[in-house]
Amino acid sequence: MNETQGYTAEYAALSHEIYSLTKQLEEKDREIRESEKTDLHDPFRNPTEFRWYRDDYSEILPWATMPEFTVPFEPAKVEKSAIRRFYNIGGFIMLIQFFASSVFAYLLMLVIKLILAKANPGAEDGAISHYMQSGSILAAINLITYMGANIGFAFVALKWAKIKPSFMFKTRDYHFYDAVQHCLAGIFIWYSSAVIAGGIDDIFGKYGFSTDVLDTDMGKTGLGFAVLTIYSCIIAPLTEEFFFRGALMKIFSKSNQRFGIFMSAFFFGLAHGNIPQFVLAFLIGIFFGHIDMKHNSIVPSIVVHILINTCATLVSEFKDNTFVMGVSGLLLILCYILGIIMLVVFRMKCKLPVSTPAQSRRGIAVAKTSVGIILAVAVHVLYTLLIIYQTKLTS
């Protein structure tokens with residue numbers, strides 16, 4: 001080998017070494033850029049949230065896809081507007097659902113009453129109203145109205161927010177043990193909230209009001225009871241979970257999962273129109289939201305909801321039967337004790353999402369500027385107070 005060939009070999013080796021080092025530096029630089037790049041499904045870097053339930057945050061901030069972008073601590077005006085848009089969708093849908101279902105139920109009752117009056121010319125208006133209420137007619141109107149409103153407006157909300165409904169049934173890590181654990185914990189929350197609601201009713205009673213405004217005379221015939229039972233134990237759990245945990249919670253969780261759980265639970269409570277059921281619906285709604293986010297599906301809450309409504313129906317139906325109430329009381333106490341244990345175990349292993357300081361600036365802080373949410377809350381609260389006020393006037 002001559003001197004020229006030796007230089008050529010050394011140059012080739014050096015070039016290869018430089019090429020290799022350049023590749024290593026490029027790879028290292030890429031890794032650094034990737035590690036610093038904003039995760040669009042976790043822009044707030046919150047380890048307590050459920051990753052599979054998150055949406056792409058570029059729906060809120062399109063430029064979140066830009067290199068080296070980080071979500072600011074305080075949301076800018078354009079980000080607040082984008083978040084507020086989703087909050088407005090949830091609030092206005094609650095408002096529209098309330099008025100639409102009320103108007104539809106009233107018109108349907110009016111039409112049926114006119115038909116019955118036409119078929120029975122000599123019947124008094126009060127007798128027709130009593131017939132509709134105690135039979136299956138009012139129960140059927142209730143079923144048709146709220147089934148249509150919950151499902152219909154859930155689809156409207158999801159379409160408005162550009163969310164595919166299929167996300168509700170992509171169940172993850174949900175097994176028989178989970179279902180049993182959730183059901184027992186749900187029984188505990190239901191039983192505890194009933195005690196709290198009873199105390200609230202006693203306080204109102206001292207001032208001549210009553211929070212017990214449920215229509216206990218509805219569906220007294222066999223067919224009426226059957227319709228009411230189907231609605232309470234099957235239709236209501238399915239459609240309410242579809243609307244509140246399916247549509248509303250997803251819409252309210254765009255930037256803050258904790259806010260989504262609590263806001264959807266709050267509206268779930270308000271939708272029941274009376275304080276005892278508000279207490280139950282709000283507390284159990286938080287639990288429903290938690291288990292649904294954990295399993296990325298509304299199936300877990302539907303299962304628990306069906307169980308609770310079925311238990312409530314059975315207790316109400318057999319409240320005058322001493323033997324049945326005695327046996328069921330013992331079973332409920334056993335389930336209550338097991339439910340405490342199961343709830344503690346569940347919460348120890350799977351805690352509620354906790355908002356980061358930046359996320360808290362995008363929760364209630366933005367919601368209180370949402371016209372849709374403010375109007376929806378105001379209307380439902382005023383309606384509940386009006387119903388309670390009427391109990392004093394009629395007593």
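This is a short tour of the model, one selection at a time.

Before you click, note that the model is predicted, with local features needing pLDDT of at least 70, side-chain atom pairs counted only at pLDDT 80 or more, and totals for chains, interfaces and linings using all residues. Residues are numbered from 1 along each chain as its sequence is written, and side-chain values use heavy atoms, with hydrogens and water left out.

**Stop 1: the nonpolar patch**

Select Tyr191, Val195, Leu330, Ile333, Leu334, Ile337, Leu338, Ile340, Ile341, Val344 and Met348, and you have a nonpolar surface patch with about 1000 Å² of accessible area together. Helix 5 (176-205) and helix 10 (322-349) are the elements that give two or more residues to the patch. Helix 10 gives the most, with nine residues. Helices here are DSSP runs (H or I, at least four residues), numbered from the N terminus. A patch takes residues with over 30% relative accessible area and no salt bridge, and nonpolar side chains (Val, Leu, Ile, Met, Phe, Trp, Tyr) are joined within 5 Å. The areas come from the Shrake-Rupley method with a 1.4 Å probe, and for residues only the protein chains shown count as cover.

Zoom in on Tyr191, which sits in helix 5. Tyr191 counts as partly exposed because its relative accessible area is 33% (buried is under 20%, exposed over 50%, partly exposed in between).

**Stop 2: the largest cavity**

Now go inside. There are two cavities of 30 Å³ or more, a cavity being a set of points on a 1 Å grid over the protein atoms alone where a 1.4 Å probe fits but cannot get out; lining residues have an atom within 4 Å of a point. Volumes are the space filled by probe spheres set on the points, which are joined across faces, edges and corners.

The largest cavity has a volume of about 140 Å³. Select Glu49, Arg54, Asp55, Ser253 and Lys254: of the 17 lining residues, these are the closest to its centre. The lining has five nonpolar, six polar and six charged residues (Ala, Val, Leu, Ile, Met, Phe, Trp, Tyr, Cys and Pro are nonpolar; Asp, Glu, Lys and Arg charged; the others, Gly among them, polar).

**Stop 3: salt bridges at that cavity**

Keep those residues on screen. Glu49 and Arg54 form a salt bridge (3.2 Å, N to O), and both residues are buried. A salt bridge here is a side-chain nitrogen of Lys or Arg within 4 Å of a carboxyl oxygen of Asp or Glu; the count comes to 10.

Next, show Lys254 and Asp55, whose side chains meet in another salt bridge (2.9 Å, N to O). Lys254 is in the loop between helix 6 and helix 7 (257-270) and Asp55 in the loop between helix 1 (3-36) and helix 2 (77-119), so the pair ties together parts 199 residues apart in sequence. Lys254 is buried at 9% relative accessibility, whereas Asp55 is partly exposed at 22%.

**Stop 4**

Select Tyr53, Phe167, Met168, Arg245, Met249, Asp292, Met293, Asn296, Ser297 and Ile298, which line the second largest cavity. Helix 6 (222-252) and helix 8 (275-295) each give two or more residues to this lining. The space inside is about 40 Å³.

**Stop 5: Arg361 and Glu74**

Finish with the salt bridge between Arg361 and Glu74, with the closest N and O atoms 3.1 Å apart. Arg361 lies in the loop between helix 11 (357-360) and helix 12 (364-367), and Glu74 in the loop between helix 1 and helix 2, 287 residues apart. Arg361 is partly exposed at 29%, and Glu74 is partly exposed at 44%.

Key. Patch = residues over 30% accessible without salt bridge, like charges linked within 9 Å, V, L, I, M, F, W, Y side chains within 5 Å. Buried < 20%, exposed > 50% of the residue type's maximum accessible area, 1.4 Å probe, protein only. 1 Å grid on protein atoms, 1.4 Å probe; cavity = no way out; pocket = protein on both sides within 12 Å on 5 of 7 lines; lining within 4 Å.
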